[in-house]
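Thanks for coming, everyone. Let's look at one protein chain together and take it piece by piece.

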Amino acid sequence: MALVYLRELDSDTKFAIWKIEETAEELLDRLQLDEQEKSVLERFSKGKRTLHWLASRVLLRYLLKTDEFIFCPSDENGKPYLPNYPYEISFTHSYDYAGLIMSRKGPCGIDLEIVKDKVLRIKEKFMKPNELAFIQNDNTEQLYACWCAKEAVYKLQGNKGISFLENMTILPFQYKPQGVMTVMLRKGRLMKSFQVYYEKFQDYMLGYVVEPELKA
């Protein structure tokens, strides 16, 4: 496995992306799994899903700098957490890559997607008309930046009942290969604002976000 990107946003938050070059057996050799995790693996069909899961856990060990067993269960909504470490985490994967963000500040989210024209066919499923109005000439990269931003916020908040289309709104922004956008999340009567960072990574788009800190 090759570390292709490691970035420390500050002393409390960092993320990394790995290119998966090993077999499942080689990745397993780097891990210590409990019986529950072994049963999760057994339910996967052989292939990318298994490689993504294993690579994500190897990457977690790398960032935590430990060879010990890491207890990393998921809550009732499927959101992973670390009971024995002071970090919130979020995983992502796409094709040959696995990614992870971890933060001591609070909940976080990350998403990595390969950029393809297919996003043009589904844009109305995750973007409102007023959001599509600021997309420049059906720019596929900008659309993927929006998808990754909403996916990152979705992972951060951890509630399966949230809809990209109905509960999230992106404020107008000028697309650049690396930038930031504002995503508004509505949950019931509450509205919350998130600053989501995005950047082009090779043929992929990356989005990541950390819960805003409460100010005294």
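Which residue takes a positive phi just after helix 3? That is Lys 65, with a phi of about 55 degrees.

Before going on, some ground rules. This is a predicted model: local features need pLDDT of at least 70, side-chain atom pairs count only at pLDDT 80 or more, and totals for chains, interfaces and linings use all residues. Residues are numbered from 1 along each chain as its sequence is written, and side-chain values use heavy atoms, with hydrogens and water left out.

Now the overall picture. The protein chain has 7 helices and 9 strands. Helices (H or I, at least four residues) and strands (E, at least two) are DSSP runs, numbered from the N terminus. The C-alpha atoms fill a box of roughly 50 × 45 × 30 Å, taken along the principal axes. For 216 residues, a compact globule would have a radius of gyration near 17 Å, and the protein chain agrees, with 17 Å. That radius is taken over C-alpha atoms, and the globule rule is 2.2 Å times the number of residues to the power 0.38.

How much of the chain is buried? Of the 216 residues, 50% count as buried. Buried means under 20% relative accessible area, exposed over 50%, partly exposed in between, with a 1.4 Å probe and protein chains only. Next, contacts, meaning heavy atoms within 4.5 Å. Take those with a separation of 6 or more: residues 24 or more positions apart account for 53% of them.

Back to helix 3. This helix covers residues 48-64, 17 residues in total. From first C-alpha to last, helix 3 reaches 24 Å, close to the 24 Å expected at 1.5 Å a residue. The expected span is 1.5 Å times one less than the number of residues. Helix 3 is mostly covered, with 14 of its 17 residues buried.

What does helix 3 lie across? It lies across strand 1, strand 2, strand 3 and strand 4 (97-103), and runs at about 40 degrees to strand 4. For such angles, axes are lines fitted to C-alpha atoms, for helices over the stretch in contact, and angles run from 0 to 180 degrees between N-to-C directions.

An open sheet of 4 strands has the order 1-2-4-3, with antiparallel pairing. Its edges are strand 1 (2-10) and strand 3 (88-94), each pairing on one side only. Neighbouring strands here are turned by 10 degrees against each other on average, direction ignored. Two strands pair if DSSP finds at least two bridges between them. Strand 1 and strand 2 (residues 13-19) have 7 bridges, in the antiparallel sense. One example: Arg 7 has Phe 15 in strand 2 as its bridge partner.

Why is strand 9 described as largely enclosed? Because 7 of the 7 residues of strand 9 (residues 204-210) are buried. Both faces are covered: Tyr 204, Leu 206, Tyr 208 and Val 210 are buried on one side, and Met 205, Gly 207 and Val 209 on the other. In general, side chains in a regular strand alternate between the two faces of the sheet.

Now its partners. Strand 5 (residues 108-114) pairs with strand 9 over 7 bridges, antiparallel. There, Gly 109 is bridged to Val 209. Strand 8 (residues 190-201) pairs with strand 9 over 5 bridges, also antiparallel. Strands 8 and 9 form a hairpin with 2 residues between them, and Gln 202 in the turn has a positive phi of about 55 degrees.

Last, two residues. Glu 211 lies in the segment after strand 9. At 16% relative accessibility, Glu 211 counts as buried. Beyond its neighbours within four places in sequence, Glu 211 is in contact with Gly 106, Pro 107, Leu 156, Lys 192 and Phe 194.

Thr 182 is in strand 7. It counts as buried too, at 17% relative accessibility. Its bridge partner in strand 8 is Gln 195. Thr 182 and Pro 172 are 10 residues apart in sequence, and 8.2 Å apart in space, C-alpha to C-alpha.
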